[in-house]
Amino acid sequence: MPLDAPELLGTEHDGSKSAEFCKFCYENGEFTNPDMTLDEMRECIIEQMEKECIPTDIIETAVNRLQHLKRWKSKSFEV
């Protein structure tokens with residue numbers, strides 16, 4: 001998700017805004033769902049974007065970018 005507005009940013013332990021994570025995933029310096037797998041995140045993203053009637057090609061691009069985000073980058077996944 002683009003982090004192009006302050007209200008979309010998650011928060012750190014000290015209440016400051018996170019420059020890396022959104023408010024849906026990161027709050028008070030921790031992931032809101034720390035046990036979520038990359039596959040579960042993919043499913044969640046697809047479901048939410050389909051509800052918003054976002055075109056399939058944009059959904060596919062977003063889902064393919066997930067593995068490159070800091071949260072998932074350090075983990076080994078099969079795609």
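**Close-up views of a predicted model**

View 1. Cys53 takes a positive phi of about 60°.

**View 2. Helix H1 from end to end.** H1 covers residues 38-51, which makes 14 residues. From the first C-alpha of H1 to the last, the helix reaches 20 Å. That is close to the 20 Å expected at 1.5 Å a residue.

View 3. Leu38, Met41, Arg42 and Met49 are the buried residues of H1. They cover an arc of only 105° around the axis, so they sit on the same side of H1. These buried residues pack against H2 and against helix H3 (70-73). Glu43, Glu50 and Lys51 are on the other side of H1, and they are exposed.

**View 4. Ala62 in helix H2.** Helix H2 spans residues 56-65 and includes Ala62. Ala62 has a relative accessible area of 26%, so Ala62 counts as partly exposed. Met1 is 61 residues away from Ala62 along the chain, yet their C-alpha atoms are separated by 7.8 Å.

**View 5. Ser18 in strand S2.** Ser18 belongs to S2, which runs over residues 17-22. Its relative accessible area is 1%, so Ser18 is buried. The Ser18 side chain reaches the backbone nitrogen of Glu20 at 3.1 Å. A polar atom of that side chain also lies 3.1 Å from the backbone nitrogen of Phe21. Beyond its neighbours within four places in sequence, Ser18 is in contact with Leu9, Gly10, Thr11, Glu12 and Tyr26.

Terms used: Residues are numbered from 1 along each chain as its sequence is written. This is a predicted model: local features need pLDDT of at least 70, side-chain atom pairs count only at pLDDT 80 or more; totals for chains, interfaces and linings use all residues. Side-chain values use heavy atoms; hydrogens and water are left out. Helices (H or I, at least four residues) and strands (E, at least two) are DSSP runs, numbered from the N terminus. Buried means under 20% relative accessible area, exposed over 50%, partly exposed in between (1.4 Å probe, protein chains only). The expected span of a helix is 1.5 Å times one less than its number of residues. The arc is that of the directions from the helix axis to the C-beta atoms. Contact means heavy atoms within 4.5 Å. A polar contact is a pair of N or O atoms within 3.5 Å; within protein, one must be able to donate a hydrogen and the other to accept it, and residues adjacent in sequence count only if both atoms are side-chain atoms.
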